[in-house]
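Visitor: Hi, I've got a model open here and I'd like to chat it through. Could you take a look with me?

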Amino acid sequence: MAAVQELGPTVAAPVRAGPPKPASDLELLAKTQVPGYGAAMRSLDYAAALPFLSNVEVIASTVVAVCTAITGVVALARAIRSNQRTVRAKSLKIGWQVDSGPDSTGALVLNESQATFQKLVITVTCGPRLRTARKDIALLKAGDEHLWPSDDVHSSVRTRPSPTDASTRHHGTPHNVQITFRDGKGYWSRSDERLDRVRSLVVWAERTRARTLARYFGSSSPFRRTYAVSVKVESFDRTEALEEALSRLVATGRPPRGYQVPDVVAGPHDWIGRVVREGSVLEPPFSPAGLARISPVAVAALTSQEQLYAIPYVFDSVALIRNNALVGSGPMPTTFGETIRAGNAVVEARGIEDGAGVALQVGSPDPAGNAGDPYHMWPLFSSCGGTFFGLRRTPSEGGGNDRFEDISVWRENFVNAFVQLSKLGTGPGGNGALNPDIGRAEALPLFLEGRAPFLVCSSRALASIKDKRLDVSVAAIPPLGDRQAVSMVSVYGFYIYRDAPNVPAARDLVTSYLSQPDAGEDLNKLQQLVPVQEEAMRTVAARDAVLRPYIGQCDDGQVMPSWPEMRAAWQLLGQTEYKVLAGEGDPRAVAGEAAEAGWELLQEARRSE
């Protein structure tokens with residue numbers, strides 16, 4: 001028997017890479033003919049991989065645990081920093097200090113922390129009418145205090161007790177003191193009772209303005225870089241819808257579905273009478289220095305009974321815009337009749353279908369009772385002698401002060417102005433120059449599409465014109481009649497809603513920012529709008545030939561009235577405008593009825609004069 005040789009340990013030869021071994025005939029037969037063969041082989045492969053997968057599971061669990069721990073540490077660190085910021089903010093003490101005399105009595109701010117606070121705004125509320133005064137402080141260093149003396153506080157309040165002894169007693173009565181300030185990346189609101197960190201504000205605005213405001217207050221805006229507060233802008237299709245939403249909010253406390261309760265509402269100044277009567281907004285306190293930078297016309301428009309009720313942010317008016325590619329770049333027309341003839345000639349010569357010589361928005365009646373557009377019609381109406389139911393308010397008449405004339409004085413000119421307008425309409429005796437069914441939604445597209453050589457519009461049109469890269473010229477609207485064409489001027493402001501979630505921040509942030517000299521220029525860089533800051537108005541007028549005529553209209557036009565009855569007054573004028581242009585009834589009779597109705601409507605406004 002042969003001996004069995006004991007083999008020692010062997011060393012495996014290295015495996016050399018090579019082409020995959022082809023499957024044998026038996027394997028191919030098994031794969032195709034034996035049921036479950038493929039599944040069995042995959043099970044064997046999975047079993048072979050189990051140790052590796054087990055290791056992966058362990059690694060994954062470890063990674064998850066580490067990430068969870070890191071997240072917890074980060075959250076803890078944030079909580080600690082937040083608590084530290086809160087403790088620092090609580091170390092800023094405020095109150096009304098009463099001492100032996102007015103020089104040592106006043107609003108006191110004491111920084112007991114080890115940090116420096118920035119952009120502080122002190123607001124003091126006093127008196128039975130809750131008048132407010134404000135003061136801005138750039139920095140308050142650690143351990144510093146600031147006393148705003150009582151005399152200085154009350155010099156900033158427009159209404160003060162007149163008797164000397166009453167004023168002396170008033171210094172020692174309690175005053176409400178609030179302060180907003182920045183601490184690093186946080187913005188805070190502080191009162192005697194509470195401390196809040198302000199993270200966001202909500203603004204309501206009409207759709208066109210909302211788009212611009214969303215950028216104006218956006219994440220990369222100067223506002224956001226200055227104040228660590230985000231701003232959400234919620235838009236409404238029309239100003240009328242925005243006004244209605246605010247009225248319902250005041251009445252019910254509920255915003256429309258899908259909207260949040262606003263801190264600020266951007267609206268025109270002719271709301272003033274109604275919001276004052278409803279008590280729906282708060283008076284924004286301006287520092288004297290900040291107020292001095294705003295146009296007096298804008299301030300006056302948003303003021304009632306010597307009190308400012310909204311923060312001015314932009315002017316608007318109407319002007320005549322010409323498409324130079326269609327008409328040429330010569331001198332602008334000097335009368336509205338010349339404008340119509342030039343526009344109609346272009347439409348005829350170029351064979352423009354469904355065109356109009358002049359696009360001017362009027363608008364047919366809607367379910368809410370709105371019709372026409374007196375704001376855009378006003379320069380033509382005023383040049384024919386028409387007035388706002390007897391109100392005279394032009395640079396050359398009445399010295400800029402409101403003055404009603406008796407109906408026996410103004411009625412005839414009012415009626416004649418509407419009769420003259422009817423000759424531009426589509427009714428009997430009209431030349432069809434103005435189609436009353438062309439409203440806001442149709443007028444601007446007519447111009448942008450090259451179907452109207454001329455456009456009468458507010459400055460809202462300029463953004464769309466710029467997007468289309470149209471070559472245009474702009475001028476004041478020429479007269480239709482034999483008098484000066486006077487445009488209506490509107491001032492848009494930020495109204496602070498009385499039940500805003502963040503009243504102090506809304507009040508202080510917006511007033512502080514808009515009173516800065518460059519705030520108007522920042523807005524103008526986003527859209528061609530007329531700023532209310534006087535320095536910005538001069539700067540923009542010097543560099544922007546397209547916007548310059550609008551700025552001129554805002555200086556020389558008639559500021560819209562702002563009585564509580566304005567909504568009804570505008571509707572009455574608009575309905576009358578539509579009827580005379582559409583040929584619904586005798587123009588003279590329609591206008592006469594409107595004159596009587598308007599005189600009756602504004603009884604209270606006349607008494608307040």
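Visitor: Which residues is glutamine 361 in contact with, leaving aside its neighbours within four places in sequence?
Guide: This is a predicted model, and in it glutamine 361 touches Asp373, His376, Ile438, Gly439, Arg440, Ala443 and Arg460 once those sequence neighbours are set aside.

Visitor: Where is glutamine 361 found?
Guide: Glutamine 361 sits in the loop that runs between β17 (358–360) and α13 (374–383).

Visitor: And is glutamine 361 buried or exposed?
Guide: Buried: the relative accessibility of glutamine 361 is 3%, and the cut-off for buried is under 20%.

Visitor: What polar contacts does the side chain of glutamine 361 make?
Guide: There is one of 2.6 Å to the side chain of aspartate 373. Another, at 3.1 Å, goes to the side chain of arginine 460.

Visitor: Tell me about α7, then. How many residues has it, and how far does it reach?
Guide: Helix α7 covers residues 239–252, which is 14 residues. From first C-alpha to last it reaches 20 Å, close to the 20 Å expected at 1.5 Å a residue.

Visitor: Which residues of α7 are buried?
Guide: Thr239, Leu242, Glu243, Ala245, Leu246, Ser247, Leu249 and Val250. Thr239 also belongs to the group closest to the centre of the largest pocket.

Visitor: Why would residues three or four places apart point the same way?
Guide: Because an α-helix has 3.6 residues a turn. In the buried set of α7, Thr239, Leu242, Leu246 and Leu249 are among the residues to look at with that in mind.

Visitor: What covers the buried residues of α7?
Guide: The cover includes strands β9 (200–206), β10 (230–236), β11 (264–268) and β22 (488–497), along with helices α8 (272–278) and α21 (566–582).

Visitor: And what follows α7?
Guide: Glycine 253 does, with a positive phi near 80°.

Visitor: Which residues other than glycine have a positive phi?
Guide: Glutamine 305 is one of them, with phi near 50°. Aspartate 354 is another, at about 55°.

Visitor: Where do I find glutamine 305 and aspartate 354?
Guide: Look for glutamine 305 in the loop between β13 (303–304) and β14 (307–308). Aspartate 354 lies in the loop between α12 (336–349) and β17. Glutamine 305 counts as exposed because its relative accessibility is 63%, and aspartate 354 is exposed as well, at 67%.

Visitor: Last one: how many disulfides?
Guide: The count is zero. As for individual cysteines, cysteine 457 is buried at 1% relative accessibility, and cysteine 554 is buried at 2%.

Key: Residues are numbered from 1 along each chain as its sequence is written. This is a predicted model: local features need pLDDT of at least 70, side-chain atom pairs count only at pLDDT 80 or more; totals for chains, interfaces and linings use all residues. Side-chain values use heavy atoms; hydrogens and water are left out. Helices (H or I, at least four residues) and strands (E, at least two) are DSSP runs, numbered from the N terminus. Buried means under 20% relative accessible area, exposed over 50%, partly exposed in between (1.4 Å probe, protein chains only). A polar contact is a pair of N or O atoms within 3.5 Å; within protein, one must be able to donate a hydrogen and the other to accept it, and residues adjacent in sequence count only if both atoms are side-chain atoms. Contact means heavy atoms within 4.5 Å. The expected span of a helix is 1.5 Å times one less than its number of residues. A disulfide is a pair of cysteine sulfur atoms within 2.5 Å. On a 1 Å grid over the protein atoms alone, a cavity is a set of points where a 1.4 Å probe fits but cannot get out, and a pocket is an open set with protein on both sides within 12 Å along at least five of seven lines; lining residues have an atom within 4 Å of a point.
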